[in-house]
Amino acid sequence: SCCDWSSDVCSSDLGTLAAPEICAALLDSADRLRDAGWVVDEVDALPPLQEAVPLLITLWMGDGYDAMVQAAEAEGDPGAIAALAGQAEFARGIGLPQYSDALVRRATLARAWQRFLAERYSDQRVWSAQMSQIALPLTGLPALALTTGNVGNGVPVGIQIVAARFREDVCLGVAEAIEARLPALAPALP
């Protein structure tokens with residue numbers, strides 16, 4: 001039953017990283033989960049994520065950067081070419097020590113998130129606050145992005161749902177509960 005499920009909401013960690021509409025969407029989604037019978041706790045802080053971005057770029061680009069550039073150029077992919085060019089200086093400065101350090105730090109960050117979830121819920125289903133879509137893949141945790149509405153001139157806004165390792169079912173259950181209580185959303189126009 002959904003009443004056995006609980007979740008956390010943490011908007012304080014978003015700080016200046018998120019537009020007010022995103023914070024509002026997160027809190028609105030928490031209310032929708034409460035309406036669905038979930039217990040939603042507001043937490044003051046989450047384990048670290050911001051440092052995960054350069055770590056993940058190190059892991060992405062630290063092994064075979066020149067081959068990635070050649071492949072992007074051969075495929076004629078302007079997005080990949082631009083993204084790789086934007087990280088050229090950073091990527092070319094990555095050696096084996098930096099790559100190894102990034103792997104160690106990744107494990108540390110993943111443990112911090114796993115500990116956070118385990119201390120709060122043990123084996124219970126859980127979802128956590130929206131955060132950078134670049135940082136969460138570093139942790140190895142399942143996550144799901146959910147559009148919760150449109151703001152301003154039809155720009156979509158939404159949340160990101162995160163669960164404990166191997167708990168994809170929680171991401172899907174949370175998304176289903178919120179989506180069932182949202183008005184019908186029109187697709188965003190390109």
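At roughly what angle do the axes of α1 and α8 cross, and within what distance do they come? Point 3 gives the answer. The model under discussion is predicted.

1. Overall make-up. The secondary structure of the protein chain consists of eight helices and four strands. Read from the N terminus, the order of elements is β-α-β-α-α-α-α-α-α-β-β-α. The chain has 190 residues, and 40% of them are buried. Of the contacts between residues at least 6 apart in sequence, 74% join residues at least 24 apart.

2. Helix α8. This helix covers residues 168-179, which is twelve residues. The expected span is 1.5 Å times one less than the number of residues. The buried residues in α8 are Val170, Cys171, Gly173, Val174, Ala175, Ala177 and Ile178. These buried residues pack against three elements: α1 (20-35), β3 (143-151) and β4 (155-162).

3. The α1 and α8 pair. The two axes come within 9 Å and cross at roughly 90°. The helices therefore count as roughly perpendicular, since angles from 65 to 115 degrees fall in that class. On the α1 side, the residues that meet α8 are Ser29, Arg32 and Leu33. Their partners in α8 are Val174, Ala177 and Ile178.

4. The aromatic pair. How many aromatic pairs does a search of the whole structure find? The search finds one. The ring centres of Trp113 and Phe116 are 6.0 Å apart and the planes stand at 70°, so the pair is edge-to-face. The cut-off for that label is an angle over 60 degrees, with centres within 6.5 Å. Both residues belong to helix α6 (residues 96-121), where they are three residues apart, about one turn of the helix. Trp113 has 0% relative accessibility and counts as buried. Phe116 has a relative accessible area of 13% and is buried too, because the limit for buried is under 20%.

5. Thr139. This residue is in helix α7, which covers residues 136-139. Is Thr139 buried or exposed? Thr139 is buried, as its relative accessible area is 2%. The side chain of Thr139 reaches the backbone nitrogen of Leu141 at a distance of 3.2 Å. Setting aside residues up to four places away in sequence, Thr139 touches Leu49, Arg106, Ala110, Trp113 and Arg165. One of these, Trp113, is a member of the aromatic pair in point 4.

6. Arg92. Arg92 is in helix α5 (residues 88-92). Its relative accessibility is 56%, so Arg92 counts as exposed; the cut-off for exposed is over 50%. Which residues does Arg92 contact, once its neighbours within four places in sequence are left aside? They are Tyr65 and Asp66. Arg92 and Tyr65 are 27 residues apart in sequence, while their C-alpha atoms are 7.5 Å apart in space. With Asp66, the link is a polar contact between the two side chains, at 3.2 Å.

Note on methods: Residues are numbered from 1 along each chain as its sequence is written. This is a predicted model: local features need pLDDT of at least 70, side-chain atom pairs count only at pLDDT 80 or more; totals for chains, interfaces and linings use all residues. Side-chain values use heavy atoms; hydrogens and water are left out. Rings of Phe, Tyr and Trp (its six-membered ring) pair if their centres lie within 6.5 Å; planes under 30 degrees apart count as stacked, over 60 as edge-to-face and the rest as tilted. Helices (H or I, at least four residues) and strands (E, at least two) are DSSP runs, numbered from the N terminus. Buried means under 20% relative accessible area, exposed over 50%, partly exposed in between (1.4 Å probe, protein chains only). A polar contact is a pair of N or O atoms within 3.5 Å; within protein, one must be able to donate a hydrogen and the other to accept it, and residues adjacent in sequence count only if both atoms are side-chain atoms. Contact means heavy atoms within 4.5 Å. Axes are lines fitted to C-alpha atoms, for helices over the stretch in contact, and angles run from 0 to 180 degrees between N-to-C directions. Angles under 35 degrees count as roughly parallel, over 145 as roughly antiparallel, 65 to 115 as roughly perpendicular and the rest as oblique.
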